[in-house]
Amino acid sequence: MLLAGLELISPFVAAPLAGVSNLPFRLTLKKGGASLVYSEMISSAGLIRQQPQTLRLTRTLEEEAPLALQLFGADPAAMGKAAAWARKRGYGLLDINMGCPVRKVRRQGAGSALLDTPDLARQVLEAAAQGFGQAVTVKIRLGYKHNDLERIMSFLEDAPLAAICLHARTVAQGYGGRACWPAIAWLKKRAAVPVVGNGDVKSADDAVAMLAQTGCDGVMIGRAALADPYIFARARALREGHAFPEPSLEEIRLDLHAQASLALRLDGPGLALHLVRQFIMWRGGGKPGIGALRRRAGMCKDLSELLRLADNFFYAPEKLCA
Ligand SMILES: Cc1cc2nc3c(=O)[nH]c(=O)nc-3n(C[C@H](O)[C@H](O)[C@H](O)COP(=O)(O)O)c2cc1C
């Protein structure tokens with residue numbers, strides 16, 4: 001798939017997930033076949049102030065290139081400066097968040113609130129594209145309470161966009177309820193740029209079905225990749241008609257250890273312990289014994305103890321149920 005000038009190995013990309021899609025986890029998603037990974041959403045205002053906690057979110061390594069950096073903000077000047085910074089740093093793609101339903105973000109006029117302020121939304125996109133030196137991508141929703149795509153497209157169609165990603169839910173739906181795939185099909189027919197569909201993709205079958213049913217160019221997968229980072233490679237194999245070699249328990253164990261050692265190197269023992277607990281819980285999601293694992297993981301005082309616990313869990317979860 002060609003997206004914003006990038007030749008991607010497959011249409012299956014990993015979603016931006018605040019608090020989740022950090023660098024160690026993104027590398028695992030990349031190993032699991034994600035053709036493109038996104039940063040967590042980053043405040044353009046925080047970025048131009050070079051706030052340490054914001055800069056932390058922009059860290060990247062060559063192994064994950066191209067990284068899509070996602071920015072949010074409602075001040076075109078700040079967005080332009082943040083985008084120019086991103087260009088200098090060499091990120092592969094710049095995405096602007098116009099879908100976030102969180103009140104704190106909407107109150108600033110950013111995220112999904114921009115869908116209701118067309119003039120400002122266009123100014124933000126124009127400033128971003130100018131600062132980045134090329135067209136940007138945008139991630140949107142259907143509208144606030146109902147499917148408002150016709151109106152949204154009337155102001156997005158002339159914006160300097162390289163692609164549109166549609167999370168096919170309304171803002172009011174948050175992250176629950178059914179995603180409206182027919183709206184993705186509608187957008188694909190209407191938009192002059194590539195369309196990436198998102199929402200209700202829980203398996204590799206769903207990912208391939210979304211491509212077939214909507215005609216979209218790419219499929220973005222978020223929560224399903226937490227427990228199954230190999231969903232991207234599995235979807236690609238399914239689409240291309242070949243068998244997917246399932247990762248062994250040893251491979252899963254090594255993935256967790258790789259995430260842990262990178263988290264330790266990047267963030268030190270305290271934060272790494274917290275992050276690795278999250279990685280383990282996500283990876284074990286839905287497996288029997290996960291409740292016992294959570295309790296015991298909370299008591300671990302250092303990373304090696306935590307990883308020993310995880311090794312035992314992934315090899316023999318039933319032992320932890322006792
Ligand atoms: C914990 C969490 C954090 C999210 N953070 C972001 C974000 O930073 N930027 C964004 O555009 N979307 C964000 N989203 C939305 C996802 O990218 C995606 O659109 C949504 O989860 C639907 O896809 P899924 O069902 O495959 O997870 C977030 C969703 C969740 C659950």
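Residues are numbered from 1 along each chain as its sequence is written. Because the model is predicted, local features require pLDDT of at least 70 and side-chain atom pairs count only at pLDDT 80 or more, whereas totals for chains, interfaces and linings use all residues.

The domain assignment, with bounds that come from an automatic or database domain assignment, gives domain 1 (2-240) and domain 2 (249-321). The C-alpha centres of domain 1 and domain 2 are separated by 29 Å. Contact between the domains, defined by C-beta atoms, placed from the backbone, within 7 Å, involves ten residues of domain 1 and eleven residues of domain 2. On the side of domain 1 that touches domain 2, two or more residues come from each of helix H1 (23-31) and helix H10 (224-227); helices (H or I, at least four residues) and strands (E, at least two) are DSSP runs, numbered from the N terminus. H1 gives the most to this side of domain 1, with six residues. By class, this side of domain 1 comprises six nonpolar, two polar and two charged residues. In this classification Ala, Val, Leu, Ile, Met, Phe, Trp, Tyr, Cys and Pro count as nonpolar, Asp, Glu, Lys and Arg as charged, and the others, Gly among them, as polar.

In soluble globular proteins, nonpolar side chains tend to be buried together. The largest nonpolar core of the model has 101 residues, and those with the most contacts inside it are Ala14, Leu94, Leu125, Ala128, Val136, Ile164 and Ile221. Such a core is a set of buried Ala, Val, Leu, Ile, Met, Phe, Trp, Tyr and Cys residues joined through C-beta atoms within 7 Å. A residue is buried if 20 or more other C-beta atoms lie within 10 Å of its own, exposed if 12 or fewer, and partly exposed in between, with C-beta atoms placed from the backbone. The greatest contribution to the 101-residue core is made by helix H12 (residues 249-284), with nine residues. Since both domain 1 (2-240) and domain 2 (249-321) give residues to this core, it lies between them. For Ile164, contacts beyond its neighbours within four places in sequence are made with Val138, Ile140, Leu156, Leu187, Ala191, Val193 and Val195.

Strand S7 (residues 136-141) has six of its six residues buried and is therefore largely enclosed by the rest of the structure. From S7, Val136, Val138 and Ile140 point one way, while Thr137, Lys139 and Arg141 point the other way. Strand S6 (residues 93-98) pairs with S7 in the parallel sense over four bridges, where pairing requires that DSSP finds at least two bridges between two strands. Asp95 has Thr137 in S7 as its bridge partner. S7 also runs parallel to strand S8 (residues 161-167), to which six bridges join it, and Arg141 is placed opposite His167 in S8. S8 in turn pairs with S9 in the parallel sense over four bridges, with Cys165 opposite Val196 in S9. In strand S9 (residues 195-198), Val195 and Gly197 point one way and Val196 and Asn198 the other way, and all are buried.

The ligand is surrounded by 22 residues, the closest being Ala15, Ala18, Met41, Gly222 and Arg223; a residue is near a molecule or strand if its C-beta atom, placed from the backbone, lies within 6 Å of it. This shell around the ligand divides into eleven nonpolar, eight polar and three charged residues.

Pro11 occupies the loop between strand S2 (6-7) and strand S3 (12-14). With 25 C-beta neighbours inside 10 Å, Pro11 is classed as buried. Apart from residues up to four places away in sequence, Pro11 touches Met1, Leu211, Asp217, Gly218 and Val219.

Most residues other than glycine have a negative phi, and most peptide bonds are trans. In the model, the peptide bond from Ala65 to Pro66 is cis, with omega near 0 degrees, and Pro66 lies in the loop between helix H3 (52-56) and strand S5 (67-72). Ala4, in the loop between strand S1 (2-3) and S2, has a positive phi near 50 degrees. Ala4 is buried, with 22 other C-beta atoms within 10 Å. Asp200 also has a positive phi, of about 65 degrees, and is found in the loop between S9 and helix H9 (204-214). Asp200 counts as partly exposed, with 17 C-beta neighbours inside 10 Å.

Note on methods:
Two residues are in contact if their C-beta atoms, placed from the backbone, lie within 7 Å.
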